Structures are given as C-alpha cells and as structure tokens.
Amino acid sequence: MKKIGILTFHAAQNYGASLQCYALLTTLTEIGIDAEIINYLPVRRWSRFGKWSRFITPAYIVRLLYNIPYMHQLLQMSSAYRLFSSKYYIIEPSYTLNDNTISEASQKYEAIFFGSDQIWNLGEKMYDRSEIFFGTFEYSGLKFSYAASFGDEIKELETYHSDFIKKYLSRFSQLSVREQSGKELLLRLGINSTITIDPTMLLSKEKWSKLAGETPLIQGEYILYYSVNGRGYSRKFAQKLSKQTGLKVINIVPHPKTFGAGFENHYNFGPLEFLNCIKFAKYTVVNSFHGTVFSILFEKSFYSVFPDIEGEIQLDARRYTLLSSLSLEDNMVTQNSEIKFNAIDYANVQQRLKQQVNESIEYIRQCIEMLENNDKY
C-alpha cells in the first residue's frame, strides 16, 4: 500500500486546526489510504519573505498579563491538546522536522497532501506561516493540496507574493482550495484548481458527536461564545443574545478583550471539550470559520457574526463561501442585527452538504488514481 503524507498545521493549540487535521487523516484512512501526519513545525518567523522577526508587541504583553490568573487552566488546556494528538494522530517521524530536515524525511511518501487550513496565508499575523507549505523543499513524489486556504488578505497576497505562489503551486499535480477567492487568485495566475470543503465537514455529525461525549461539561442551558480574537462586534452580539434569552454565556478562548464582558470563562478545554461545548449549547455565537463549521455540523441555532462598517456588513471569504454554499445567509449577522430565532432547515443543509462531501471525496480519489497511474510509467 502506498504511503501518503499530510502536511498541515497539526500542533497549533487551535481547535479548528487540530480537528481539521484529525478529519483529513481519518477520511484518508477510511478510504483505505495508508496516511500519516508529517511532523513538521514551522519556525515562527518573517515580517516579509525571508526576513526573520519576532516582535513583543504591547498587545502580546497585555495578553500575557491577562493569562497569568488562568495559568493553571491554560496548562490543563495544553495537556488536553497533547492527549488528543497522542490518541488520535498518526505522526511521523517521532522527532520534529524543520526546514532543513523535511526534504529527506518526506521521501518515504509517494505523495503528500498539503492542507487543509490557512497554510497559504502569508499575513504577518499568521503565526505558523512558512514557505514549506508551498512545497519549496526538494521532493520526488506527487504533491496535492486539499482545501488549502490563503486567508482573507487576497489583494495584499497577490501584490507581494504572486510570483512566488505561481512558481511553486504550478508544480503541484492537483490543487484544491477552500474558498472561491483562492480559486480566483490561482486562475489569475494561470493555475487551475477546484473547491473542496474543509476536512471537518467530511465527517458525519454522528462521528463528531461520539467524540464529543454523551455528558455535557457545562450544566444547564447556555450560549457558547467562540471568538479567537475577542472582537467587540461578536462579543456585543453575544451579550445582546444573553440579555434577550436570559442564558449565561460560556467563553472558552482566553483573550483580554473579553474581560468584564460578564461571561463564564472555561480556559482548560482541548479539542474534545470544544466539541462537547458546541454539541450541548442552546445557541452559538461565533466569528470564526471552524466555529461556524461545527455549529452547522451539530445543527445548532447559531449566529456567525461579521463586523459592520457604516452600516455595511464586512464579509470574509472563508465564512461567506461556506454559508452561501449551504443557503445559510440568514445566519450572517452583525452586532446591530435584530436577533431572530428562525428554525434552520437542516434537511436542506444536509442535502447540500452531502453533495459537497461526495465531490470532495471524488477529488481525493482522483488524486490517488493519478498517483497509481504515475506508477505505471
């Protein structure tokens, strides 16, 4: 059986990153592919291409100080992430690869899937960015991407890095991206690609529910607030929903911007606990892609909150592509939106999602078929 590698964010303490990695590995394994995660960790670097930087900003210091009272919980969270990866990941090699060692170690794989997640986001705030995710290292096998994302700063990316992107991504055998904006960027560079769904959506609600467990970690009805950046527009919407429903708000991301918001904070949760919190929530208020994804997968009453500038909703490509493809535009709100409690037609959502799952699985099968045909010559 052919050995396949997965090159993505696998060690970030981020719920979406961990779960998308698990989902792609699980999907490939269930198809019958001998797959494992390549244990590469990017150097935390760059301000621009090739320049090393690591700035301790005022925002970084504030967040560090905010975390001090919660240090015990944060250590528990780190432990939960380690337990999750040790139980559910197949990671090789046991030692960590870097930019200098990944080329030699990757030769054992006949093909590598790059993705999913924002592996091609080169924004300066992207902590795990690395040129390695563009396949810059010497490698003799086939390179495929699966639902890779450039993030939202497409114009800046194209302005500064279009030559780099074209040079390396044109060497891939097959490309799939997560957003329409990524497909359009590649097309402008003369590169064809297809859109596939995030790996987390390849797995059924039942599989995620089993991982989440049958006993709620949070007692009573609650609103789950999930924002990795604690933005005011999402925080205010959660407060408004809480006031209108009388339900408490559970916050699971440590961020100083949530200080004084009146939320009940739980900072000791790993990926499994994250799933549990969404599964048993009465409502979810999110401003992240994967927060939106799992709200949909668990068929929750959810609000995906976007910023509002002078009365105009500011849509990000990642969530907009997802929500519009599933006819869930009514769940796109701003802090100024009227709170509605309309039931979501999840039968229609599941029908649309099933088609996207089938198309995405077919893309994976085409990649494997290309690999098999490549061996014949």
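Residues are numbered from 1 along each chain as its sequence is written, and side-chain values use heavy atoms, with hydrogens and water left out. Because the model is predicted, local features need pLDDT of at least 70 and side-chain atom pairs count only at pLDDT 80 or more, while totals for chains, interfaces and linings use all residues.

**The sheet**
- Five strands form an open sheet in the order E3-E2-E1-E4-E5 with parallel pairing, where strands are DSSP runs of E with at least two residues and helices are runs of H or I with at least four, numbered from the N terminus.
- Strands E3 (91-97) and E5 (142-145) lie at the edges, each pairing on one side only, and pairing requires at least two DSSP bridges between two strands.

**Helix H1 against H12**
- Helix H1 (residues 15-31) packs against helix H12 (residues 346-374) at an angle of about 65°, with the axes 12 Å apart; axes are lines fitted to C-alpha atoms, for helices over the stretch in contact, and angles run from 0 to 180 degrees between N-to-C directions.
- H1 and H12 are therefore roughly perpendicular to each other, a term covering 65 to 115 degrees.
- Leu-24, Thr-27, Leu-28 and Ile-31 of H1 meet Ile-361, Ile-364 and Arg-365 of H12, contact meaning heavy atoms within 4.5 Å.

- H1 touches E1, strand E2 (34-40) and E4, and its direction makes about 150° with that of E2.
- H12 touches E1, E4 and E5, and its direction makes about 175° with that of E5.

Conventions: Parallel < 35°, antiparallel > 145°, perpendicular 65-115°, else oblique.
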